[in-house]
Amino acid sequence: MADMQFDLVSPERSLASHAATAVSIPGADGDLTVMAGHAPTITTLRPGLLKVEADGKTAEYVVTGGFAEINAEGVTVLAERAMARGDITQEHLDEMYEEAENMYKTAKENFHNEPGPVDDAAKLLGDMVAMGSEIGLSTKQPNL
């Protein structure tokens, strides 16, 4: 398989920059896999597990949002928050979940009879729970 350039950047640092065979992205509208020659695309991210295949190995990163810019030569992921899967602890997940829960509570208080922002915040909570399950950690279940 042909290689492409992969870059993962968070506000704090660059986490990865190397050749990759495939990148699986947790897109807001559904998961997608990028390979060399992919059509140009920009997608927003949902909380989830980003998987990068390179040299016969798979590296995994937890991302909480942001976007990915994809073209035929590679993919650049600009994440709101990103950590190597092996570095994330229950404490990290609890902190991310608490932030999402606070966003949900704020949306409910500020947007009466406006389902869009409340629904978006509820989906974020659900995505956090799903991400926790996928990486083998547990979150408090949302009480909507």
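Beyond its neighbours within four places in sequence, I25 is in contact with G30, D31, L32, V34, L45, L50, A68, I70 and V75. The structure is a predicted model. I25 is also among the residues of the largest nonpolar core that touch the most other members.

**Nonpolar cores**
- The largest nonpolar core holds 21 residues, and F6, L8, V23, I25, L50, V75 and V77 touch the most other members.
- Two or more residues of this core come from each of strand 1 (4-9), strand 2 (14-20), strand 3 (22-27), strand 4 (30-35), strand 6, strand 7, strand 8 (66-71) and strand 9 (74-79).
- Another core, of 19 residues, lies apart from it and includes Y97, A100, V129 and I135.
- In soluble globular proteins, nonpolar side chains tend to be buried together.

**Helix 2**
- Helix 2 spans residues 115-135, and its 21 residues reach 30 Å from first C-alpha to last, close to the 30 Å expected.
- Its buried residues are V118, A121, A122, L124, L125, D127, M128, V129, M131, G132 and I135.
- The cover over these buried residues includes strand 6 (48-54), strand 7 (57-63) and helix 1 (90-110).

**Largest pocket**
- The largest pocket has a volume of about 420 Å³.
- Its lining comprises 21 residues, with P47, T64, G65, E80 and L124 nearest the centre.
- Helix 2 contributes the most to this lining, with 7 residues, while strand 5 (41-45) and helix 1 each supply at least two.
- By class, the lining has 10 nonpolar, 4 polar and 7 charged residues.

Note on methods:
Residues numbered from 1 in each chain as written. Predicted model: local features only at pLDDT ≥ 70, side-chain atom pairs only at ≥ 80, totals over all residues. Heavy atoms only, no water. Helix = DSSP H or I, 4+ residues; strand = E, 2+ residues; numbered from the N terminus. Expected span 1.5 Å × (residues − 1). Buried < 20%, exposed > 50% of the residue type's maximum accessible area, 1.4 Å probe, protein only. Contact = heavy atoms within 4.5 Å. 1 Å grid on protein atoms, 1.4 Å probe; cavity = no way out; pocket = protein on both sides within 12 Å on 5 of 7 lines; lining within 4 Å. Points joined across faces, edges and corners; volume = space filled by probe spheres on them. Nonpolar A, V, L, I, M, F, W, Y, C, P; charged D, E, K, R; others polar. Core = buried A, V, L, I, M, F, W, Y, C linked by side-chain atoms within 4.5 Å.
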